[in-house]
Every structure is written in C-alpha cells, then in structure tokens.
Amino acid sequence: MAKPIMAKATAVWLVDNTTINFKQIADFVGMHELEVQGIADGDVAAGVKGFDPITNNQLTQEEIDKAQANPLHKLTLKFNAAASGEEKRRGPRYTPLSKRQDRPASILWLVKFHPELTDAQVSKLVGTTKPTIQAIRERTHWNIANIQPIDPVALGLCKQSELDAAVQKAAAKKAKEGDVMTDDERRKLVSTEQSLGMEAEPKMPAAIEGLETFSLSTNDDEEDDKKDSDFSDAESFFNLPDGDESDEDAK
C-alpha cells in the first residue's frame, strides 16, 4: 500500500484536526499505533509542524469524513496520476560507499564473462558510469593491473535474478540478429539454472589437442629397408667380419 509523503507530519495534522482514531492514522501513514498515541500525548514529534494532506492532494475531505463516521474505515491515499511510476528506479543503481571500491572488479567480471551486455546494462546492474566501463573494456583504467574479476552477485551489488534478466535480454537480442553462438557463448547468455541443467558438449582434452592428425605410420622406403635387414642374431646386427679373415691378418 502506498504511503503519504512526510508521514509523521501528516499524522500530526490528522491528530490535531480530525477525530480519526489512532489505528486508522497509523495504518494510513505506516506508523505504529502507540507512536501515533505518543504524538497525541506530546511525547513524539514534538515541534513537528502538521502537513495538511488535503491541501497537498493526498486525501479528500470525503475520505476523512468516512473515516470519522466509521472507526473501521481505512483511509485510502488519493490517486495522483503525476506520481505514477515514481517508485521505479531510474538511472544507475545507488551503491553504498562501503561497496564502491568493489565496482571495478564487478565491471571486469561482467565484461569478461558477459561481453554481450551493453554499457547501459552494466551501468544499471552495478551502478557505475559509462566512461568507467569503457576504460575497463579497453584496459585503460588507472588501476587495471590490480583489478581481479569478481561476480557482482557475490559482492552484493546486484541480485542473481537481475543478472539473469540482463543476460536473457542480451540472448534474445543476439538471436534476433541471427548471429551464430558458440557453446561457451550459449552458456553465458542463459540464466544460472538453465546453464547448470545443460548437457556438456564433448570436447577434446587440451593436452592432446592438435594430435588428432598424428600418424604412427612411416615412409614406404623405411619399411622396405627394415624388411631387408635381418637382425635375428648379434653378428648380423653388428656386421662383424668372418673369423677366417681375422686369423689370416693375425698371421
């Protein structure tokens, strides 16, 4: 349920100017009933000036009259067409000061493992600026040598559902363009649950990659030489001279 702006000041005005009970006021402004009672007793919100919800287009007089006549009636905030959609976040996400030093690491992780994400998507996920993203993409960031890629979900900069939605959108865009994706790209463009459920494609181990054309066969000439050579005994292997010739030389 939508709450009025300046809730405490609105509660002060309702306590001072109407006979609506504390429970009705508390439900309307999002406070505890005892806190509203404390406003009436002067213990809470001392010095706070009342904020007129009728003048400021948050309540109608008819709504207040209904609430005064019926203690069970719940006040309803007046619909303001100009404020429609204001609850949606616009622009880059706000990042707390304690986590801002982690943004370069998360940006590097996103551009490394999800290069299909646009700068606008990365900016929305981790709350950064496009020049910073571009500097990390081109490795011209002043501290690029010391930055290690870290998952932004693990750092608490965004939710897993938000990251999955971003990569799903990138996947749909790439499929619409008709680009052929590799297996690694296909896994990057889907959500975590879908990626874990996929069957891995058979791949040749890197240790023997490039040896698929290697053959143990030798040239025909070498095979013929091996067939002609008979190394069944030691004399033929070492090609020793006959014993008679050795005896004659000795004489």
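Q: At what angle do the axes of helix α5 and helix α6 cross?
A: In this predicted model, the axes of α5 (residues 103-113) and α6 (residues 119-126) cross at roughly 140° and come within 11 Å. The crossing of α5 past α6 is right-handed.

Q: Which residues in α5 and α6 meet?
A: On the α5 side they are Arg103, Ser106, Ile107 and Leu110, and on the α6 side Val122, Leu125 and Val126. Sorted by class, this contact has 5 nonpolar residues, 1 polar and 1 charged.

Q: How do α6 and α7 cross?
A: The axes of α6 and α7 (residues 130-137) come within 9 Å, at an angle of roughly 110°. An angle of 65 to 115 degrees counts as roughly perpendicular, and therefore α6 and α7 are described that way. This crossing is right-handed.

Q: Which residues of α6 and α7 meet, and how do they divide by class?
A: Asp119, Ala120, Val122 and Ser123 of α6 meet Lys130, Ile133, Gln134 and Arg137 of α7. By class, the residues of this contact are 3 nonpolar, 2 polar and 3 charged.

Q: What about α2 and α3: at what angle do they pack?
A: Their axes lie 8 Å apart, and the angle is about 115°. That makes α2 roughly perpendicular to α3. The two helices make a right-handed crossing. Phe22, Lys23, Ile25 and Ala26 of α2 make the contact with Glu33, Val36, Gln37 and Ala40 of α3. The class count for this contact is 5 nonpolar, 1 polar and 2 charged residues.

Q: Which residues of α2 are buried, and what covers them?
A: To read burial, look at how much of a residue is left accessible; under 20% relative accessible area counts as buried. In α2 (residues 22-29) the buried residues are Gln24, Ile25, Ala26, Phe28 and Val29. Their cover includes α1 (7-17), α3 (33-41) and α4 (61-69).

Q: Where is His32, and what does its side chain reach?
A: His32 sits in the loop between α2 and α3. Its side chain reaches the backbone nitrogen of Leu34 at 3.0 Å. Distance along the chain and distance in space are read separately: His32 and Phe22 are 10 residues apart in sequence, and their C-alpha atoms are 8.9 Å apart.

Q: Is Thr10 buried or exposed?
A: Thr10, in helix α1, has a relative accessible area of 0%, so it is buried. A polar atom of the Thr10 side chain lies 3.3 Å from the backbone oxygen of Ile5. Apart from neighbours within four places in sequence, Thr10 is in contact with Ile5, Phe28, Val29, Phe51, Pro53 and Gln58. Among these, Phe28 and Val29 are buried residues of α2.

Q: Which residues other than glycine have a positive phi?
A: Met6 is one of them, with phi near 50°. Met6 is in the segment before α1 and is partly exposed, at 48% relative accessible area. Arg139 is another, with phi of about 55°. Arg139 lies in the loop between α7 and α8 (152-155) and is exposed, at 53%.

Q: How many helices and strands does the whole chain have?
A: The chain has 14 helices and 0 strands. Of its 251 residues, 28% count as buried. To see how far apart in sequence the contacts reach, take those between residues at least 6 apart: 56% of them join residues at least 24 apart.

Terms used:
Residues numbered from 1 in each chain as written. Predicted model: local features only at pLDDT ≥ 70, side-chain atom pairs only at ≥ 80, totals over all residues. Heavy atoms only, no water. Buried < 20%, exposed > 50% of the residue type's maximum accessible area, 1.4 Å probe, protein only. Helix = DSSP H or I, 4+ residues; strand = E, 2+ residues; numbered from the N terminus. Contact = heavy atoms within 4.5 Å. Polar contact = N/O pair within 3.5 Å; in protein donor to acceptor, adjacent residues only side chain to side chain. Axes fitted to C-alpha atoms, helices over the stretch in contact; angles between N-to-C directions. Left-handed = near helix turned anticlockwise from the far one by under 90°. Nonpolar A, V, L, I, M, F, W, Y, C, P; charged D, E, K, R; others polar. Parallel < 35°, antiparallel > 145°, perpendicular 65-115°, else oblique.
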